[in-house]
Amino acid sequence: MGAVFFAILIVLYTIFGIFLYELRLWPFIDEIFAMAIAGYGIFRMVIGKVPKNIPFIIWLCVAAFYLWYSLFIKSNEVMAIASDFIMQTKPYMVFFGLICLKPKFERMHWVFLQISSMVFAFIICTIYAYYYNRIDLGLTVQGVLLSGEGLSATSILIGALFYLSCDSDSLIVKVSTLLIMFTGMLVPTSKYIGILICAIAALFIINKPIKFNIKYIIIGITAIAVIMWVVWDEFFFYFLDDYEYNARPMLYVTMPKILNDYFPFGSGLATFASPASATWYSPLYIKYDLELIWGLMEGEAWFVADVYYPTLAQFGYVGVGLFIWLLAYIFQQMNNMYYNMHDLKRYRVALIIIAYLLIEATSNSISNERCVLAMIILALSLYKYTTPKRKFFELDSFGLKFIKFSHKNKSNSQIKSECDEDSNI
């Protein structure tokens, strides 16, 4: 995939697929984008333009199996199964497709994304200023740009994209990254606070790949304790206080029952905790006495897709195992990337995005439009394209290297000759 084209595509998707998404002018832009990436990756592999990517091929086989399995057991209507298949595979289409294609970004492409990220941060503040005192931005409202958790979640992703695109890993770059992420404090949520704490730890505490030793165990326990202290009131309200009447905790409670009853491959697509299971109301909600819970009732199943982890019940114990395998694969790629390139910045970016995905999944679906951008950033952080060595001069502005004047493959004698000519003039 052409790096210039893809860099522009990232910017366009951020504008139309995230900032303007709630206008619902392009409701399927995230699905179309994901299928295009995966489809192009398959095409390039078939014609031999890119090496065959084994993890991508394995994922394609797994996705095809679960589609066949759901149709075979008739888990729901065919349209429901097809809709949920696209929704559930969307983030993985983007991730594995990009891992296969590996767009060859050079410095000028990263500069373009870096400048775009700063513009996006300004746009976030402008959107907030426009809607301030006009509407309760704490609620997600269709037709309102970045309402609800959209603003805070987007600020994390824009900050991560900015950090990844910077050539420098200086203190001022880290502080600038945090300033972009701190724009989410305009509309803070408990999940945002948790992700922000993880981002601060990744930027200023993680100085080498994480290992299971005393140091990182203490860091992990401390981070979890701080996060729980910050979000305790909301956690208590949603998961402990009268949990048997609340949709989110009941989806978690019911998940193990489905895993056991539909061993080992799960109940199939469009059956549980997914948007399709609400649109084409799944019989599992009646089977497990969930149809009377507010937010899970037929025709009023507003909170069915409010969590991601219970969705794994559709894929059984095998699906849970595959999800854990994916996390292990990503960490392996992060370590390989670090030990091959010694690029700690990319390792930190991957940590931030993993924290974003895992925390978002506790009370939201990671199959929304923002997760596409998250998967783009994660995939780009797991490899690094290096161009042939060049001799160049750089202009360094506040630790951010914007402009390069290159001498392509010139010998020392050629450069010395040019300098002598300049001095004669």
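Okay, let's start with helix α15, residues 369–381: 13 of its 13 residues are buried, so this helix is largely enclosed by the rest of the structure. Keep in mind that we're looking at a predicted model. What caps the N-terminal end of α15? That's Asn368, which has a side-chain oxygen 3.1 Å from the backbone nitrogen of Arg370.

Now on to helix packing. Find α13, residues 316–341, and α14, residues 344–360. Their axes come within 8 Å and cross at roughly 165°. Anything over 145 degrees counts as roughly antiparallel, and α13 and α14 are therefore roughly antiparallel to each other. The crossing of these two is left-handed.

So who touches whom? On the α13 side you've got Phe323, Leu327, Ile330, Phe331, Met334, Asn335, Met337 and Tyr338. Over on α14, they meet Leu344, Arg346, Tyr347, Ala350, Leu351, Ile354 and Leu358. Sort the residues of that contact by class and you get 13 nonpolar, one polar and one charged. Here's something handy for reading lists like these: an α-helix has 3.6 residues a turn, so residues three or four places apart point the same way.

α13 has another partner to look at, helix α4, residues 78–101. Here the axes come within 14 Å and cross at roughly 35°, and the crossing is left-handed. From α4, the contact uses Tyr92, Phe95, Phe96 and Ile99; from α13, Phe323, Trp325, Leu326, Tyr329 and Ile330. By class, this contact has nine nonpolar residues, no polar ones and no charged ones.

Most residues other than glycine have a negative phi, and most peptide bonds are trans. Let's see what departs from that here.

His342 isn't a glycine, yet its phi is positive, about 55°. Is His342 buried or exposed? With 57% relative accessibility, His342 counts as exposed.

Next up is Arg24, in the loop between α1 (3–19) and α2 (29–46). Arg24 has a positive phi too, near 60°. Its relative accessible area is 33%, so Arg24 is partly exposed.

And finally, the peptide bond from Phe263 to Pro264 is cis, with omega near 0°. You'll find Pro264 in the loop between α10 (247–261) and α11 (275–279). That's me done, thanks!

Conventions
Residues are numbered from 1 along each chain as its sequence is written. This is a predicted model: local features need pLDDT of at least 70, side-chain atom pairs count only at pLDDT 80 or more; totals for chains, interfaces and linings use all residues. Side-chain values use heavy atoms; hydrogens and water are left out. Axes are lines fitted to C-alpha atoms, for helices over the stretch in contact, and angles run from 0 to 180 degrees between N-to-C directions. Helices (H or I, at least four residues) and strands (E, at least two) are DSSP runs, numbered from the N terminus. Angles under 35 degrees count as roughly parallel, over 145 as roughly antiparallel, 65 to 115 as roughly perpendicular and the rest as oblique. A crossing is left-handed if the near helix is turned anticlockwise from the far one by less than a right angle, and right-handed if clockwise. Contact means heavy atoms within 4.5 Å. Ala, Val, Leu, Ile, Met, Phe, Trp, Tyr, Cys and Pro count as nonpolar, Asp, Glu, Lys and Arg as charged, and the others, Gly among them, as polar. Buried means under 20% relative accessible area, exposed over 50%, partly exposed in between (1.4 Å probe, protein chains only). A polar contact is a pair of N or O atoms within 3.5 Å; within protein, one must be able to donate a hydrogen and the other to accept it, and residues adjacent in sequence count only if both atoms are side-chain atoms.
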